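Below is a short report on side-chain packing, written for reading alongside the model.

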Amino acid sequence: MPIYADLETHGDAHRLPNFKPLMVDDSLIDSLGLPYPVSPEVRAALAAGSARYKMLFDNNALQPGSTYLEEKVPTDQELEIHNYTNICPTNVYEITPSSGSCSISCQYCLVTDGNQCKPITVYTNYAEKLKASLERNTDKNLFYYFSPKTDAFSEPLLVSGVAHDVLRTFIDHYDRHPNSRVRLFICSKAGMKQVRVAHRGDTILSLARQLAGKAQWNGSIGIMPQYLRNILEPHAGTIADRLEVMQHCQDMGLVSDSVLCQPLILPYLTPEFVEDYMSDLANAGVINIKPEFLTADLANLSLIAQYINYYDPGRLAEFFQSYLMEENQTHLKQRSRMAPEKSICIEKLALIRDTARRHGISISICNWVRRELMQKADWVGSIANDTGSKANGYACLGYYVRFFEDEAVEPVIRQSAE
């Protein structure tokens, strides 16, 4: 099997001094002093989640190994439409050139629910599948999202050259179809080390610069302290590096001034953390964010609680309080992934809105989140308009919908970049 090496390594639970897995059992739940009873069903799910975490910890399986599998996929099947909530835009196709775990190993992962020991499989002929889809859809206003189910520039995709081939496929497509309506939407936690990886003489940056005016590069950066980020995103690029990549993309003429702001972990949404976050983004030229609260099944809440308890045990009750009340158990965005209690989300979203506004940053918002929170706060329904996201050309996940206006978007190349 092919081997890859992590380009970044920031955290490992096995190396945390005096760390021991936390059992989220009746004793712990009762000690939190939550202002409501926790049902037996919720207690059982949390206990099972912490037992699963201990098993993963004991088997050194919190992160994937250093190998990946290679397979081929049928090339005559259309790509999957990106629609987690049944009210997502239907003009977005997913680019998913691998399955299983992701080498970035985000412990809150929306795909694996924190179970990062699933084998990574890379589809070596994926570019052929993508090429066929682009040919079918060249005259349609479509985004191709690279990638919602793994990081677009995870190490196996870089080592194999599949990530490079995805970008080459778009370059070739636009060479053959200069008036193609499709656009590439990239969202990544990649830092400078990842985008400088070469395959057949091309780096990710050197290929990306050929997509100016046709592609959008969104950074993916949640709000949390660095020590927690290190353990929850152990192999992602640093924040400084992610922002530097975006600035390179801006300089090369890509649309790269919007950030997917997730996950939002409630105990850390303080005025100080939010202010520092917005300041860093504004200094890097970011003008739009799409905030998203942490959604997780109960088992994965037990996993994330391990690290909040280790670093900030005094915040553990606040973390659980926003999820465990019985009436919140149906607040599900996808599968069994539960969002925090709505009134708490509204309070924190108002903080984010006000702070972003002071820094000249607009907010685009998920249609599902808008629908859910409007039930308790009418202003959420107009947040994109109120904060200028629509005027800036962004919608939903942060898609730059101005790409599809009648007048072409001309790239603005500010300086030479790699």
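## A charge over a ring

Over the ring of which residue does the charged end of Arg-353 sit? The charged end of Arg-353 sits over the ring of Trp-379, 4.3 Å from its centre, where such an arrangement requires NZ of Lys or CZ of Arg within 6 Å of the ring centre and within 35 degrees of the ring normal.

The model is predicted, so that local features need pLDDT of at least 70 and side-chain atom pairs count only at pLDDT 80 or more, while totals for chains, interfaces and linings use all residues. Residues are numbered from 1 along each chain as its sequence is written, and side-chain values use heavy atoms, with hydrogens and water left out.

## Aromatic pairs

Rings of Phe, Tyr and Trp (its six-membered ring) pair if their centres lie within 6.5 Å, with planes under 30 degrees apart counted as stacked, over 60 as edge-to-face and the rest as tilted; the count by this rule is 25 aromatic pairs. Phe-19 and Tyr-310 form an edge-to-face pair, with 5.7 Å from centre to centre and 65° between the planes. This pair links distant parts of the chain, since Phe-19 lies in the segment before helix H1 (26–31) and Tyr-310 in helix H11 (residues 298–311), 291 residues apart. Helices here are DSSP runs of H or I with at least four residues, strands are E runs of at least two, and both are numbered from the N terminus.

Phe-19 is buried, with a relative accessible area of 10%, whereas Tyr-310 is partly exposed at 27%; buried means under 20% relative accessible area, exposed over 50%, and partly exposed in between (1.4 Å probe, protein chains only). The rings of Tyr-400 and Phe-403 are also edge-to-face, because their centres are 5.3 Å apart and their planes stand at 85°. Both residues belong to an aromatic cluster that also includes Phe-143, Tyr-145 and Phe-185.

## Nonpolar cores

A nonpolar core is a set of buried Ala, Val, Leu, Ile, Met, Phe, Trp, Tyr and Cys residues joined through side-chain atoms within 4.5 Å. The largest has 78 residues, and Phe-170 and Trp-217 are among those that touch the most other members. Helix H5 (residues 162–176) gives the largest share of this core, 7 residues. A second, separate core of 45 residues includes Tyr-53 and Cys-102.

## A buried loop residue

Asn-125, in the loop between strand S4 (121–123) and helix H3 (126–137), counts as buried because its relative accessibility is 7%. A polar atom of its side chain lies 2.9 Å from the backbone oxygen of Val-73.

Note on methods: A polar contact is a pair of N or O atoms within 3.5 Å; within protein, one must be able to donate a hydrogen and the other to accept it, and residues adjacent in sequence count only if both atoms are side-chain atoms.
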